[in-house]
Amino acid sequence: MQNPPGVTGHDWLIRASPRMARPDDAACPTHRRTAMRPLLVADPAVPFRRPPREEFGFGPLFTALDLLEHDGWPVERVREELRGTRGPFRGWGAPVHPVHLAWTAHALERYVAARTREQAAAAEAGLPETKPVKQPWTWRTPRTDAPDARGARQYEHTLWGRMYASSDERVRDLWLPSMGRAKTGRPDAELGAVAQVMAFGAPTPRRKQRAQPPPTATESTSLPRLVRVFDVGCADGSVRELLSEDPAGAGQRFMDDAVPAFVTAATQHGVQPGESCVDCKAIAGCTDLKRTPRLWGGRPPALARQRRSVSVWDLRLHAECPAQYHLVRRLHLNDLSTEDRGARRGRAVDVWLDAEHAERPVRGCRDREIPEPTAVRARAGIDDTSAREAAGMLAEHRLLCPLNGLDADEQVLVQHRVTAYVPELDIVVLAVPDLVYTHRGRWIWRETKTSARPLWERDSLLHAYPQLALGVLLFHAGALGDDPRRSWVELEHLREGHGESRLEPIDPGRAENVDEARAVIAELAQPLLDDTTYEPRTGRHCHGCQARTWCRPGTAYVTDHPRPPSPDTQTSPRGDATPHA
């Protein structure tokens, strides 16, 4: 197959991980196709730059498990090593954040306890003990002289996770960690890919990046009789068995579920800018990704970094607490704490509005019946008070709905991802407005926020809601619509009481709005771009932080400042994560 622009190298090797079989509507086909060909590289070449902090959440945990399972360290010695670490953990990697180390010690205990419980249950069921496997299983085909229809001469299928096998190889186990609770299910295509490698793969030495595999196929001396996959929750130690198959069943799963997904990923053409752009080899030659130089006038950080994405939620979270941004947003630590009532209510409004706005043909909410609190409660699973408030906000929305009277030929995009690239910063900017639609040739960006309180009159809208500022800048840069003078940014501020909601328009064609938007985003973005330590910054946000369990400053703050019982405030203006939240 012909290499896309911006990519050079050989495409005869296709390496497939189970993740590549996972359905992902937001993934870019060109990114997936080139990512599956490890001998392809970006042109011009992109140098590797080590991050200032470890950015793989499970990295320290896997290192700790290696010490325990392969080097024979007792658990307490590993925990002591974690407590004493002040930089990289037992290796040459990036320094590990102290809270990340504390989470790792917590996860290690729960993982070990979960394994112990499962092995005891397996023994009662008559299954043999499984022991750690040091070299990961790989299933590789022999290299052919001529390429196939996909241009491939060799395929290599890999696994990720913790691998175990019985002494007689009759049983093979794979343990997949999750940050919070154990996942109760994974896509069939992903499990089919896993099952094939577990049943037919062989332990394989790790290779350097972009090193070619041997030309021979992998060979197993004997096939296992049973392969099992478990998901383990690192926050609570929960375990779920996801798969239990013999080799015949594993092979059938692979052919039925995984192969079609892999063929699509390896051959599909097209471009879809989004989160995929961060790791894409073809970004230099991609003409679909909108370039927006000097979007807010930021300066490159003193320490050069690998390409990364930035969203308004990233900026707001970092402004509250740099540690929370690193730990929750980047590493996805999760202590299983629940959202506050206001956030759950806002999510209920989200889901309701998104479903109605996505219906085709387009229909304005003014023509719909006012939802009853019982219906909202049944759909969202929230309490009676929150359901009543959400129903009141949905009733208020009926008069403010942008689809009221909209012509059938206008475009309506719900949760549409807007992506731009700032080349001098090597930053991919991501935004997900709640609704983007056209009206008589004009593009309009609508953000909807739910709140128990009125708008704060003394603060500008762009400062209070930076996602509006980013919308102004993206319109001004032409990332959505060709003419900012024919564009509009709107804030729909929903409250429960009749007549208390507001619709506030902002013109991205006015120079004063553009200048203010640049100042707002620059004030938030530059500290994030320059940060290399992600130190905790305590405050009221500590009460809802999903990493606070392992954060000493955050725990101390919550202890000294109990949350007072008070009406919930407006939901957090994230701008790229959960809509309206």
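**Figure 1. Contacts of Ser-17 in the predicted model.** Beyond its neighbours within four places in sequence, Ser-17 is in contact with Thr-158 and Phe-262. The structure shown is a predicted model. Ser-17 lies in the loop that runs between strand β2 (13–16) and helix α1 (29–35). Along the sequence, 245 residues separate Ser-17 from Phe-262, yet their C-alpha atoms are 9.3 Å apart in space.

**Figure 2. Helix α2 and the elements that pack against it.** Helix α2 spans residues 59–69 and is mostly covered, with eight of its 11 residues buried. These buried residues begin with Gly-59, Pro-60, Leu-61 and Phe-62, and continue with Ala-64, Leu-65, Leu-67 and Leu-68. Their packing partners include two helices, α3 (75–84) and α4 (98–124). Strands β7 (162–166) and β8 (171–178) also pack against the buried residues of α2.

**Figure 3. Fold and dimensions of the protein chain.** The secondary structure consists of 15 helices and 20 strands. The radius of gyration of the chain is 26 Å, close to the 25 Å given by the globule rule for 581 residues, so the chain is as compact as a globular protein of that length. Taken along the principal axes, the box filled by the C-alpha atoms is roughly 75 × 60 × 50 Å. Of the contacts between residues at least 6 apart in sequence, 74% join residues at least 24 apart.

Figure 4. Buried residues account for 53% of the 581 residues. The chain exposes about 26,800 Å², of which carbon and sulfur atoms supply 50%.

**Figure 5. Model confidence and the segment 569–581.** The mean pLDDT of the protein chain is 94, and 97% of its residues reach 70 or more. Over residues 569–581, by contrast, pLDDT stays under 50. For this segment the model has 53 contacts beyond four places in sequence.

Methods: Residues are numbered from 1 along each chain as its sequence is written. This is a predicted model: local features need pLDDT of at least 70, side-chain atom pairs count only at pLDDT 80 or more; totals for chains, interfaces and linings use all residues. Side-chain values use heavy atoms; hydrogens and water are left out. pLDDT is the predictor's confidence in each residue, from 0 to 100. Contact means heavy atoms within 4.5 Å. Helices (H or I, at least four residues) and strands (E, at least two) are DSSP runs, numbered from the N terminus. The radius of gyration is taken over C-alpha atoms; the globule rule is 2.2 Å times the number of residues to the power 0.38. Buried means under 20% relative accessible area, exposed over 50%, partly exposed in between (1.4 Å probe, protein chains only). Accessible areas come from the Shrake-Rupley method with a 1.4 Å probe; for residues, only the protein chains shown count as cover.
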